[in-house]
Amino acid sequence: MNETTQPRSELFRKAAVIGSGFGGLALAIRLQSAGIQTTIVEARDKPGGRAYFWEKDGFIFDGGPTVITDPDCLTQLWDLTGHDMAKDIELMPVSPFYRLNWPDGVNFDYVNDPDELANEIAKIEPDDVEGYKKFLEYSGHLYEEGYIKLGTSAFLDFKSMVSAAPALMRYQAYRSLYGKVSSFVKSEKMRQMLSFQSLLVGGSPMTTSAIYGLIHKLERLGGVWFAKGGTNMLIAAMVKHFERIGGVIRLADPVTSIDTDGDRAKGVTCKSGWTDSFDAVATNADIMHSYRDLLGHKHRSATATAALKKKRFSPSLFVVHFGLKGTWPGIPHHMILFGPRYKGLLDDIYKNGVLPNDFSLYLHHPTITDPSMAPEGHSTFYVLAPVPHQGKLPIDWEEMGPKYEKRILDEIGRRLIPDIHDRIVTKFHYTPQDFGSDLNAHLGSAFSLEPLLWQSAYFRVHNRDDVIDNLYFVGAGTHPGAGIPGVVGSAKATAELMLEDLG
Ligand SMILES: Cc1cc2nc3c(=O)[nH]c(=O)nc-3n(C[C@H](O)[C@H](O)[C@H](O)COP(=O)(O)OP(=O)(O)OC[C@H]3O[C@@H](n4cnc5c(N)ncnc54)[C@H](O)[C@@H]3O)c2cc1C
């Protein structure tokens, strides 16, 4: 049979992507856009991974990401085939980006307007206005080096790490984010304001590299956005786009094996018994789960699992979702409610692995931006607290969950909504155990590998496996790491490798 008489499907190279998180979807769109026949295989009944959602009693609850930065990294996925993302999803600007609140009642509105922002800083500490300007400049350098130049490259060998080293040294990436921020501003509140962002990608400001100071510039430059209808609608738009260009998505069928033939991946097999062969397999599933539980190549599975066991994983999160009677025009979309301790709290969570008595909270109030996410006259919220992963002193969350939920809601009551308990129409919580059981997340970590300098770039899981050269990785466990821009950036790096390898 010559090429022209061959069945059409066999003319195309075929790839499988295991998992439909932001990284998996972005990779699948890139591959499909380049003419690789791509199938996503997802364990859960809905796509999105950490961006799963629930609809309860008329309220829409997004499970994970709510803050969208660098929208350009998403529009690129449509641009590849000349489509327009705006036709599939509306991104709405959010202002202030965040309101920060401390137990002494002080509020700080983190806005994008430079004069307003300078006023906010001056209210906290006039001397820090100048220091902030210098930090912004520093953050701009980090952004150029760490995000633009290195954020979408695959670090496959040590040489690539060495070539990045001079820039990392120049900007003192070996210092902690909090330490570096403290060299610019003197008020403790400003230090918290400029360092808490690393928590959004799973890193403690006390130990994570100063390179994560780039997030500040990323926010100032690209803004903070919210998808109309919730992040779940952005996921739905990505799936719609993927299917429109010919991609296939299989839901509710966990992959049970990445099948191999010698040092090559040859296909995947699912719980249902469905199996298919592929020219390349990429996994967006948890890195430990992929290597330990899925990879059929026993030797590689054992060596990679052993290496991963030595790494540090990010902590987890405890999330309380609640729908309330009433509306709160005074509560902005994103709030950080700092607790009485910062370093001590982070040490408890990251170092000691114990559940602290106090907490710093992130409060999400989507109905202030899009009231359609709750019944009329009602509001949707979620509040999350960083908590240790299950690796040090595992917590029985079945038992602890209801108590912890009440403590957190009481705190929101004390600080923002006094009659919160009387107004609750619906509520539920999500624990580290749920991250483990729903997402196969190792130790219930919310963000995969901790973003430490010695676990970055070359030292993260490589976008292409070192032994099985048609097995690829994408998502939070790979370079550059967690967060939507991070995993969408990893998809670009992985797609480039795959397209080169697939010819
Ligand atoms: C509560 C929360 C809030 C966050 N807030 C923000 C935010 O505001 N902004 C931001 O940028 N980032 C945020 N993040 C981080 C961000 O959500 C994640 O880093 C990112 O979504 C992870 O994407 P991923 O591509 O790694 O895949 P994941 O979302 O981890 O998805 C992996 C997918 O693989 C699937 N899978 C696992 N095992 C199998 C299997 N055996 N077979 C088939 N499929 C499998 C899973 O079901 C899942 O769908 C937040 C995270 C959390 C948890």
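This is a predicted model: local features need pLDDT of at least 70, side-chain atom pairs count only at pLDDT 80 or more; totals for chains, interfaces and linings use all residues.
Residues are numbered from 1 along each chain as its sequence is written, and side-chain values use heavy atoms, with hydrogens and water left out.

Two strands are said to pair if DSSP finds at least two bridges between them. Strand 11 and strand 12 (residues 264–270) run antiparallel and are joined by six bridges; Ile-258 has Val-268 in strand 12 as its bridge partner, and Asp-259 has Gly-267. The hairpin of these two strands has two residues between them, and there Gly-262 takes a positive phi near 60°.

Let us move to another open sheet, which has seven strands in the order 8-7-16-17-18-15-19 and mixed pairing. Strand 8 (107–110) and strand 19 (424–430) stand at its edges with a single partner strand each, so one side of each has no neighbour in the sheet. Strand 15 (residues 316–325) pairs with strand 19 in the antiparallel sense over six bridges, and Val-320 has His-429 in strand 19 as its bridge partner. Helix 14 (residues 397–415) lies across several strands, including strand 7 (98–101) and strand 15, and runs at about 55° to strand 15.

Where does Val-111 lie? Val-111 is in the loop between strand 8 and helix 4 (114–124). Val-111 counts as buried because its relative accessible area is 7%, and the cut-offs are under 20% for buried, over 50% for exposed and partly exposed in between, with a 1.4 Å probe and protein chains only. Beyond residues up to four places away in sequence, Val-111 touches Ser-95, Pro-96, Glu-116 and Leu-117, contact meaning heavy atoms within 4.5 Å.

That brings us to the cores. A nonpolar core is a set of buried Ala, Val, Leu, Ile, Met, Phe, Trp, Tyr and Cys residues joined through side-chain atoms within 4.5 Å. The largest has 116 residues, and Phe-22, Leu-27, Leu-74, Leu-100 and Phe-108 have the most contacts inside it. A second, separate core of 25 residues includes Leu-363, Phe-381, Val-387 and Ile-417.

Finally, the ligand. There are 38 residues around the ligand, of which Gly-23, Glu-42, Arg-50, Val-67 and Ile-484 come nearest; a residue is near if one of its heavy atoms lies within 4 Å. A backbone N or O atom of Gly-23 is 2.8 Å from an oxygen atom of the ligand. An N or O atom in the side chain of His-289 lies 2.9 Å from a ligand nitrogen atom, and a polar side-chain atom of Asn-440 is 2.9 Å from a nitrogen atom of the ligand.

How values were computed
Helices (H or I, at least four residues) and strands (E, at least two) are DSSP runs, numbered from the N terminus. Axes are lines fitted to C-alpha atoms, for helices over the stretch in contact, and angles run from 0 to 180 degrees between N-to-C directions. A polar contact is a pair of N or O atoms within 3.5 Å; within protein, one must be able to donate a hydrogen and the other to accept it, and residues adjacent in sequence count only if both atoms are side-chain atoms.
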